[in-house]
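Okay, thanks everyone for coming. Let me put the structure up on the screen, and then we'll walk through its inside together.

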Amino acid sequence: MLKKIILILALLLTALPGAMVHAGNFGMGMHGGYGVIKYEEHSDALGTDRKSDASLGAFIFGVSGEYSPVKPANFFIGLVTDFTLSLTNDEKHTETSAEFQTNDLKIFGQFYDLRFGYKNNIDNFYYRLYASGGWDGIHFARNRFMERGIPANGKVTEDFSLWRIGGGAGAGYKFGSWALDGRAAYAYYPAGQVRNSKFEGIQFDTNGTCLDAGAGIMREISKNINFYLGGSYTLILLDESEVKRNMNANSTITEVVFPYSKTQIMVGIANLTYAF
């Protein structure tokens, strides 16, 4: 799946402007930073009020590319990729406010956003508007379980596969070789799927939304090179799935559900962009 997505996006970036590469401009960027991921779940679909939460330090890094043809003027196509890798920390689970489980949690996220848009400037003020689509994948790895104070063996993985459509806007104001820069974006997940290794053969369907915003200051190092330093906030909200029936190893049938989930990613970002 991932290899196919990367190949398709790469072909789009190279093929669409292919006939006009000599008459446009292309930019590439690399970014990285550090911050925190906060993850929460909540469900009362199975008769009891269950919640979980975790807070994890996280590194983020990624690359981006953008092409702007001469004609039509001011339009662009771009690809932004992000990869997020958390440190390991505790995740706590409660049932009707009483803690019943703890475990170690580690998260890896990969985010791909293909953008088509329009950009322009009015004197020192510049702006851009775009429509976007892409795919987000988030992998959770849990181990070192403690169930009501008793150690439990095993490792459980959970994978989110989330297709997205949406749009965004960015704007800034230049003063000399410096600029104040901000952005905001919204995406809807119309078709999300979650698989949990604990429930083999079961696929949970979900949908939801993603809000993303950032602000910072940019410095023009040379005619072709810009450096940006700022902060980024991402909020992912996923709806609860339908209740599924699961047969465990001793042939006992139980009901399982993917709960409401909330993921927040808050990081400081540095970005270096080269245009040619």
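So, one cavity of 30 Å³ or more is what the structure holds. By cavity I mean a set of points, on a 1 Å grid over the protein atoms alone, where a 1.4 Å probe fits but cannot get out, and lining residues have an atom within 4 Å of a point. The largest cavity comes to about 50 Å³, where volume is the space filled by probe spheres set on the points, and grid points are joined across faces, edges and corners.

Quick housekeeping: this is a predicted model, where local features need pLDDT of at least 70, side-chain atom pairs count only at pLDDT 80 or more, and totals for chains, interfaces and linings use all residues. Residues are numbered from 1 along each chain as its sequence is written, and side-chain values use heavy atoms, with hydrogens and water left out.

Which residues line the largest cavity? They are Ile-37, Thr-84, Ile-107, Gly-109, Phe-111, Ile-138, Phe-140, Thr-263 and Ile-265. By class, that lining has six nonpolar, three polar and no charged residues; Ala, Val, Leu, Ile, Met, Phe, Trp, Tyr, Cys and Pro count as nonpolar, Asp, Glu, Lys and Arg as charged, and the others, Gly among them, as polar. Strand S5 (98-122) gives the most to the lining, three residues. Strands here are DSSP runs of E, at least two residues, numbered from the N terminus.

Now, Ile-107 turns up again: along with Phe-160, Ile-107 has the most contacts inside the largest nonpolar core, which has 27 residues. Such a core is a set of buried Ala, Val, Leu, Ile, Met, Phe, Trp, Tyr and Cys residues joined through side-chain atoms within 4.5 Å.

Let's follow Phe-160. Not counting residues up to four places away in sequence, Phe-160 touches, among others, Ile-138 and Phe-140, both also in the cavity lining. Contact means heavy atoms within 4.5 Å. Is Ser-261 buried or exposed? It counts as buried, because its relative accessibility is 5%, and buried means under 20% relative accessible area (1.4 Å probe, protein chains only).

Last stop, strand pairing, which takes at least two DSSP bridges between two strands. Strand S8 (residues 156-175) runs antiparallel to S6, joined by 18 bridges, and S8 also pairs with strand S9 (residues 178-196) in the antiparallel sense over 17 bridges. S8 and S9 form a hairpin with two residues between them, and Gly-176 in the turn has a positive phi of about 70°.

Technical notes:
Buried < 20%, exposed > 50% of the residue type's maximum accessible area, 1.4 Å probe, protein only. 1 Å grid on protein atoms, 1.4 Å probe; cavity = no way out; pocket = protein on both sides within 12 Å on 5 of 7 lines; lining within 4 Å. Helix = DSSP H or I, 4+ residues; strand = E, 2+ residues; numbered from the N terminus.
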